[in-house]
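Biologist: Hi! I'm new to this one, could you walk me through it?
Modeller: Happy to, let's open it up.

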Amino acid sequence: MKLLLMLLLLALELTLVCVHAEGETSPMGKNFNPKKIEGKWYSIGLASDKREMIEEDGSMRVFVEDIHVFGNSSLAFKFHTKINGECTGLYLVCDETEKDGEYFVEYDGYNKFTILGTDYDGYIIFHLRNVNNGETFQLMELYGRKQDLSSKIKEKFVELCKKHGIVEENILDLTEAVDLVPERVLVPTLQIAVSRPEMEERPEFPVSSGDSSPGPQHHPSPSTHRPVTSSVI
């Protein structure tokens, strides 16, 4: 009888371990609906435990313009960033991993990211981990459907960053950086709304006729991840 009880307890423990491991993939998990995040977004907050990556001329200092969802659930991000002093377009396609809600993309290293939270119509928060030449760092991003978000959402972003070990001075507010001007530190008490000029209507993503998934021709090679010809501002 004791042996049977021990076996039952062991089976229960193994089940709980498996459930916990599955739950670590992404807070959104199987409940995440990628189609609902498609469309126009604005960069609101940016944070990293390696600050130089998000400072002026840092490779991760990018500003989102649009997210497109392919038929196979791959995500295409259209960004703009500054390269050699010029504002430049950047297009990346991110594919799902074997874990629910997790994506990967090659850009200045190997990146895996998950979505920590979204209401689809207002905000979305990403957590990314980059590995490059044996070194790793974290990146967190806050996007909004509008050009600024409430202090409550910004506070939520700050708290999530801190929970992931990112110090407050490495959490930046990009709401004044629509033209890539210097940022200010994002603090929980910030409640200033910034007026911005209207953005241009987003162009269509380059999808081949009759194909709803990103084929090899849609994945930029490492040499084209950061083109220096197409100005978006």
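Biologist: How many residues lie between S6 and S7 in their hairpin?
Modeller: Three residues lie between S6 and S7, and Asp 108 in that turn has a positive phi of about 50°. This is a predicted model, where local features need pLDDT of at least 70, side-chain atom pairs count only at pLDDT 80 or more, and totals for chains, interfaces and linings use all residues. Residues are numbered from 1 along each chain as its sequence is written, and side-chain values use heavy atoms, with hydrogens and water left out.

Biologist: And how many bridges join S6 to S7?
Modeller: Five, with the strands running antiparallel; S7 covers residues 110–118. Strands here are DSSP runs of E, at least two residues, numbered from the N terminus, and two strands pair if DSSP finds at least two bridges between them. Val 105 stands opposite Asn 111 in S7.

Biologist: What about S5 and S6, parallel or antiparallel?
Modeller: Antiparallel, over two bridges, between S5 (residues 86–96) and S6 (residues 102–106). Asp 95 faces Phe 104 of S6. That hairpin has five residues between its strands, and Gly 101 takes a positive phi near 80°.

Biologist: New topic: is His 127 buried or exposed?
Modeller: His 127 counts as buried because its relative accessibility is 10%, and buried means under 20% relative accessible area (1.4 Å probe, protein chains only). His 127 sits in strand S8 (residues 123–132).

Biologist: Which residues does His 127 contact?
Modeller: Leaving aside neighbours within four places in sequence, its contacts (heavy atoms within 4.5 Å) include Phe 113, Leu 116, Met 140 and His 164.

Notes: Helix = DSSP H or I, 4+ residues; strand = E, 2+ residues; numbered from the N terminus. Buried < 20%, exposed > 50% of the residue type's maximum accessible area, 1.4 Å probe, protein only.
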